[in-house]
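Subject: Structure handover and notes

Hello,

Please find the structure below.

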Amino acid sequence: MITSNASFEMFQELNWKIYQLNDDRHCSSVVDIISYLHRDITRILKAVRKGKNEDLKKRICVTFSWAFAVAS
């Protein structure tokens, strides 16, 4: 459980635990991770442009996960 005084490291660790297997299968380098991050950022922009708020929430979460992967 994440509390209001959680650290950045705690978020990174949680993200790693959730996506470790996925990252190991699909991402072999930082360039791959940044490519996924870019793809999801463009999907956020598309959702905003088209007014798809339900898709926007999911995309923001996924994009933050890729950003944490880059930070790690």
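This is a predicted model: local features need pLDDT of at least 70, side-chain atom pairs count only at pLDDT 80 or more; totals for chains, interfaces and linings use all residues.

Residues are numbered from 1 along each chain as its sequence is written, and side-chain values use heavy atoms, with hydrogens and water left out.

Overall layout

The protein has three helices and zero strands. Helices (H or I, at least four residues) and strands (E, at least two) are DSSP runs, numbered from the N terminus. Along the sequence the pattern reads α-α-α. Of the 72 residues in the protein, 24% are buried. Here buried means under 20% relative accessible area, exposed means over 50%, and partly exposed is in between (1.4 Å probe, protein chains only). A contact means heavy atoms within 4.5 Å. Among contacts between residues at least 6 apart in sequence, 57% join residues at least 24 apart.

Salt bridges

A salt bridge is counted when a side-chain nitrogen of Lys or Arg lies within 4 Å of a carboxyl oxygen of Asp or Glu. How many salt bridges does this rule give? The count is three. Arg39, Asp40, Arg43 and Arg59 are linked by salt bridges into a network.

Take Asp40 with Arg39. Their side chains form a salt bridge at 3.5 Å, N to O. Asp40 counts as buried because its relative accessibility is 0%. Arg39 has a relative accessible area of 31%, so Arg39 is partly exposed.

Asp40 also forms a salt bridge with Arg43, at 3.8 Å from N to O. These two residues are three apart in helix H2 (residues 30-50), so about one helical turn separates Asp40 and Arg43. Arg43 is partly exposed, because its relative accessible area is 35%.

Asp40 has a salt bridge with Arg59 as well, where the closest N and O atoms are 3.1 Å apart. This pair links distant parts of the chain, as Asp40 is in helix H2 and Arg59 is in helix H3 (residues 53-71), 19 residues apart. Are these two residues buried or exposed? Both Asp40 and Arg59 are buried.

Helices H2 and H3

Two packed helices are described by the angle between their axes and the distance between the axes. The axes of H2 and H3 come within 9 Å and cross at roughly 155°. Because of that angle, H2 is roughly antiparallel to H3. The axes are lines fitted to C-alpha atoms, for helices over the stretch in contact, and angles run from 0 to 180 degrees between N-to-C directions. Angles under 35 degrees count as roughly parallel, over 145 as roughly antiparallel, 65 to 115 as roughly perpendicular and the rest as oblique.

The crossing of H2 past H3 is left-handed, a label used if the near helix is turned anticlockwise from the far one by less than a right angle (right-handed if clockwise). On the H2 side, the residues that make the contact include Ile33, Leu37, Asp40, Ile44 and Val48. On the H3 side, they include Leu56, Arg59, Thr63, Trp66 and Val70. The residues of this contact divide into 15 nonpolar, one polar and five charged. In this sorting Ala, Val, Leu, Ile, Met, Phe, Trp, Tyr, Cys and Pro count as nonpolar, Asp, Glu, Lys and Arg as charged, and the others, Gly among them, as polar.

Single residues

- Ile60 is in helix H3. With 33% relative accessibility, Ile60 counts as partly exposed. The C-alpha atoms of Ile60 and Ile41 are 8.1 Å apart, and the two residues are 19 apart along the chain.
- Lys57 is also in helix H3. Lys57 has a relative accessible area of 61%, so Lys57 is exposed. Lys57 and Ala47 are ten residues apart in sequence and 9.5 Å apart in space, C-alpha to C-alpha.
- Ser65 lies in helix H3. Ser65 is buried because its relative accessibility is 13%.

Regards
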